[in-house]
Amino acid sequence: CYTITSSSAILLSLLLHLAFSCLVPLLQGLTAARAWKLRNTATSLFHSLAAGVWSTSLYSSSISADLVSLTSPSCAALLAFSVGYFIHDTWDSASAQYRGVRPVTLESVVLLAHHAIVITCFSTALISDQFVCLGGLSLLVEVNSVFLHGRTLVLLLGWPRDSIVFRTTALINILTYCIFRLVLLSWMCLWMARRRQQVLGQENR
């Protein structure tokens, strides 16, 4: 079931990428690198929208009470869906670097490493049926990613930095970054530190 969900996400991401490939040529004067960045960012924005809405709809007091051993079918499907997206994005980014469309930089290497770690962690959670809800909770960061990718798209589409569209998107990006990344991830680290015996005990089973 999870393999089907992940495979569906890969296929959906690929179809979106192809659809955006048809739309991008309508914009004049784009370099190959800029056109790829537009397609990639638009596909990433779709995942962020889907995962952000999906993750916020999951959590209740009953689920958040046990983030280690409790498994929600919807939460597991979200992780599988995200694994599929990250596999596609890893392939897309790596192939762009191989073709010379995207330069190999420290940022691009870190991004690929991030994707590899996320794929490994989510896949391990799904296979072991442990930490599934914790993984789903971590995907609340995608709420911020919506505005992060939106900010990038605004710039790629030529909106000036002093425009109301860019300023509004940038402001919401900062606010959601503080809430859904700094606060959320800090809370998760504190949660794991306070329950380290439970977490380590679960890992050793």
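Predicted model: local features only at pLDDT ≥ 70, side-chain atom pairs only at ≥ 80, totals over all residues.

**The whole chain**

Next, select the entire chain and display its surface. The accessible surface comes to about 11100 Å², and carbon and sulfur atoms account for 69% of that area. Of the 205 residues in the chain, 42% are buried. Now display the contacts in the chain that have a separation of 6 or more: residues 24 or more positions apart make up 75% of them.

**Helices α4 and α5**

Select residues 73-99, which form helix α4, together with residues 106-128, which form helix α5. Two packed helices are described by the angle between their axes and by the distance between those axes. Here the angle is about 155°, and the axes lie 9 Å apart. Because an angle over 145 degrees counts as roughly antiparallel, α4 is roughly antiparallel to α5. The crossing of α4 and α5 is left-handed.

Show the side chains along this contact. On the α4 side, select Ala76, Leu79, Ala80, Ser82, Val83, Phe86, Ile87, Asp89, Thr90, Ser93, Ala94 and Gln97. On the α5 side, select Ser108, Leu111, Leu112, His114, His115, Val118, Ile119, Phe122, Ser123, Ala125 and Leu126. How many residues of the contact of α4 with α5 are nonpolar, polar and charged? The contact divides into 14 nonpolar residues, eight polar residues and one charged residue.

**The loop between α5 and α6**

Move on to the loop that lies between α5 and α6, the latter spanning residues 132-138. Most residues other than glycine have a negative phi. Two residues of this loop are to be examined with that in mind.

Select Asp129, which lies in the loop. The phi of Asp129 is near 60°, a positive value in a residue other than glycine. Is Asp129 buried or partly exposed? Asp129 counts as partly exposed, because its relative accessibility is 35%.

Finally, select Phe131, also found in the loop between α5 and α6. Phe131 is a residue other than glycine with a positive phi, near 65°. The relative accessibility of Phe131 is 16%, so this residue counts as buried, the cut-off for that class being under 20%.

Terms used. Residues numbered from 1 in each chain as written. Heavy atoms only, no water. Axes fitted to C-alpha atoms, helices over the stretch in contact; angles between N-to-C directions. Helix = DSSP H or I, 4+ residues; strand = E, 2+ residues; numbered from the N terminus. Parallel < 35°, antiparallel > 145°, perpendicular 65-115°, else oblique. Left-handed = near helix turned anticlockwise from the far one by under 90°. Contact = heavy atoms within 4.5 Å. Nonpolar A, V, L, I, M, F, W, Y, C, P; charged D, E, K, R; others polar. Buried < 20%, exposed > 50% of the residue type's maximum accessible area, 1.4 Å probe, protein only. Areas by Shrake-Rupley, 256 points an atom, 1.4 Å probe, with all protein chains shown as cover.
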